[in-house]
Amino acid sequence: MKHPQFIGHDIYRHSTYGRWHPLRVPRVSTVMDLVRALGWLEDSQFIRSPRAKPEALTHWHTPRYIAALQRIEKAQAATPADFENHDIGSVTNPVFPEIFRRPATAAGGSILAGEVLKDGGTVYSPAGGTHHGMPDRANGFCYLNDPVLAMLSLRHHGVRRIAFVDIDAHHPDGVEVGFAGDPDCLMMSIHEERLWPRTGPLENDGGGNAFNLPVPRGFNDTEMAFVREAFLVPRLQSFQPDAIVFLCGADGLEEDPLSHMQLSNNAHWDVLRAIRGLAPRLLVLGGGGYNPWSVGRMWAGIWGILNDHALPAGLLPTPAEAVLRALRFEGNRRGRNPPEHWFTTLQDKPRPGILRDEVAQRVDQLNKRPVI
Ligand SMILES: [Zn+2]
């Protein structure tokens, strides 16, 4: 089989949503630098992400919204109507220098991934995963919805049955809007309950094909292992997908400033290990993750696993450590005195805990629903 392909771009290196926005920290460039420093990225595996053409974006987004994004980037200003119609210019979805180019590059990578995966294989695009984007408006830091565009691209290239697996701390409301009721698309999400956008309760089946598992604060590695084995893996096995789109947001990690989950990066990696063989095509996307160290370390490990590299168990080689030491996290207490292991290791210590009844019961509820 072809080697896994990494879709990246340098546009993410210096782009920021603004000084106080959670997306002020570098993420994709950290992953690119780390995996190169570890000797894990062959030139033949790297694809420089194309920028999606406006027309390609209108396969899901409205033409007027795409035109507005382009105009706003040019003017570097949003009008009251843009705020009203598209929620642009809000604190969450600010105007920033690459407001069209950056999301269009992530979307271009996801659309290309659908083509690359036509005959099978593995693609990793950590810039992808903007799962809140809506057809006509920005939502939750997401201006476009690249996972939906990736799935439409897979369909366009003849891939029918798609499983979307999302372990970001937030519910993928935009993706659910895109594929609700589609009998050839299985959507599974594990997200923190009562966290923004507060959609995706257990009872919401999105027209039959969405399986939403809200989990309580403090969700730990033991609980994720249970959810993985009792819910994710069997459901995927019975669905028999032609492709899996795995959204591996890093905001469920304990160090993340935006959620209250307590996972170690082992939890995310073990989900990947368990599901990667369950379909002939695998697209791994990034998503949330707002602590620059925990995002970089976890997402680099994802690439290592996809390539069957042994993850460094002890201290990182000096060039990799240098990448992590160069990161800054201003305006957050976690950036003041980062613990040494954020610089010197890739793998967290496991964070086991008690499997709470509510988690087991909710999985039970989901498992009572019929196979699709
Ligand atoms: Zn998130």
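Residues are numbered from 1 along each chain as its sequence is written, and side-chain values use heavy atoms, with hydrogens and water left out. Because the model is predicted, local features need pLDDT of at least 70 and side-chain atom pairs count only at pLDDT 80 or more, while totals for chains, interfaces and linings use all residues.

**The zinc site**

Let's start with the metal. The zinc ion has D168 (OD), H170 (ND1) and D251 (OD) as its protein donors, at 1.9 to 2.1 Å. Donors here are N, O and S atoms within 2.8 Å of the metal (3.2 Å for Na, K and Ca), and sites may look incomplete because water is not among the atoms. Along the sequence the donor residues follow the spacing D-x1-H-x80-D. D168 sits in the loop between strand 4 (162–166) and helix 8 (173–179), and D251 in the loop between strand 7 (243–247) and helix 10 (265–275), so the pair ties together parts that are 83 residues apart in sequence. Both D168 and D251 are buried (under 20% relative accessible area; exposed is over 50%, partly exposed in between, with a 1.4 Å probe and protein chains only).

Helices (H or I, at least four residues) and strands (E, at least two) are DSSP runs, numbered from the N terminus.

Two packed helices are described by the angle between their axes and the distance between the axes. Axes are lines fitted to C-alpha atoms, for helices over the stretch in contact, and angles run from 0 to 180 degrees between N-to-C directions.

The axes of helix 2 (residues 28–37) and helix 11 (residues 292–306) come within 9 Å and cross at roughly 55°. Their contact (heavy atoms within 4.5 Å) is made by T30, V31, L34 and V35 of helix 2 with G296, R297, W299, A300 and W303 of helix 11.

Helix 9 (residues 221–239) packs against helix 10 at about 20°, the axes being 10 Å apart. Here D221, M224, R228, E229, L232, V233 and L236 of helix 9 meet N266, A267, D270, V271, A274 and I275 of helix 10.

**Backbone details**

The loop between strand 5 (185–192) and strand 6 (210–215) holds P197, and the peptide bond from W196 to P197 is cis, with omega near 0°. R194 is found in the loop between strand 5 and strand 6 too. Two non-glycine residues with positive phi are listed here:

| Residue | Phi | Relative accessibility |
|---|---|---|
| R194 | about 60° | 62%, exposed |
| D308 | about 60° | 60%, exposed |

D308 lies in the loop between helix 11 and helix 12 (318–325).
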